[in-house]
Amino acid sequence: MRKPEGRLLVHAVGGGDLGAAAGTGTGDGPPDFEGDADAVGKERRPLRKVFEGLAAAGIPVSLLVLLGTTNREGTIGGRTFAEHADEMRNRLTGETGLCGARFDPEAVFVARAASPTIEEASAALTRWLADHRPEEILVTCGSGAFALSAGALCAALATRNRVRILNIDAASRPYSLDRPLDIDKHLETWLLRYRFWDALAEL
């Protein structure tokens, strides 16, 4: 049995991480991963909000998985979101870190999803989880494609990992899912409630 590896943070990389407003589509300018440390609201980088919220709540993170898509539609600066995630990983593990945080190189990973769908995101994180055993998973939401965050949540539930949802604007207060006796039935009910028909069809 693998040794638990600590708390895992899963973050779907989106336009907000690059300094691009939601719905702006493609762009040719260079991404601004760091942003203004004094910015507020939507101008503040999602990961900066998350790292600060977790620090304020005293919730340490041991591992970070960045979910990035490899499809070319909607690219920013001519690069896919997976390629931007690679650059974010380089900065997060570099000397100065990113958005106020720095990780060891072996603690940050990029999980590649073929498209921004629940199915592809779930498959990408499930592949990563096959070789890792986190004590808990925190999935960010409120930034990036919602389907990626939902897919990560599905992967955590399907692999029977403890998971909490982390709204980027309330990162100090992760939302805990109940831990039912019948987790398969709970997953089915949750997917039905939020109308994730494609994911339901795969059960």
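A residue is called buried when its relative accessible area is under 20%, exposed when it is over 50%, and partly exposed in between, using a 1.4 Å probe and protein chains only. Please keep in mind that this is a predicted model, in which local features need pLDDT of at least 70, side-chain atom pairs count only at pLDDT 80 or more, and totals for chains, interfaces and linings use all residues. Residues are numbered from 1 along each chain as its sequence is written, and side-chain values use heavy atoms, with hydrogens and water left out.

**Helix H5**

Let's start with H5, which covers residues 146-158. Helices (H or I, at least four residues) and strands (E, at least two) are DSSP runs, numbered from the N terminus. Eleven of the 13 residues in H5 are buried, so the helix is mostly covered. Among them are Ala147, Leu148, Gly151, Cys154 and Leu157. The expected span of a helix is 1.5 Å times one less than its number of residues. For H5 this gives 18 Å, and the end C-alpha atoms are 18 Å apart, which agrees. Just after the helix, Arg160 has a positive phi of about 60 degrees.

**Salt bridges**

A salt bridge here is a side-chain nitrogen of Lys or Arg within 4 Å of a carboxyl oxygen of Asp or Glu. The structure holds eleven of these, and the table gives some of them.

| Pair | N to O distance |
|---|---|
| Glu136 and Arg7 | 2.6 Å |
| Glu83 and Arg72 | 3.3 Å |
| Glu136 and Arg164 | 2.4 Å |

Glu136 pairs with Arg7 at 2.6 Å. Glu136 counts as buried because its relative accessibility is 3%.

Glu136 also meets Arg164, at 2.4 Å. Arg164 lies in strand E5 (residues 163-167), so this pair ties E4 to a part 28 residues apart in sequence. With 14% relative accessibility, Arg164 counts as buried. Through shared partners, salt bridges join Arg7, Glu136, Arg162 and Arg164 into one network.

The remaining pair in the table is Glu83 with Arg72, at 3.3 Å. Glu83 sits in helix H3 (residues 81-92) and Arg72 in the loop between strand E2 (63-69) and H3, so the bridge ties together parts eleven residues apart in sequence. At 26% relative accessibility, Glu83 counts as partly exposed.
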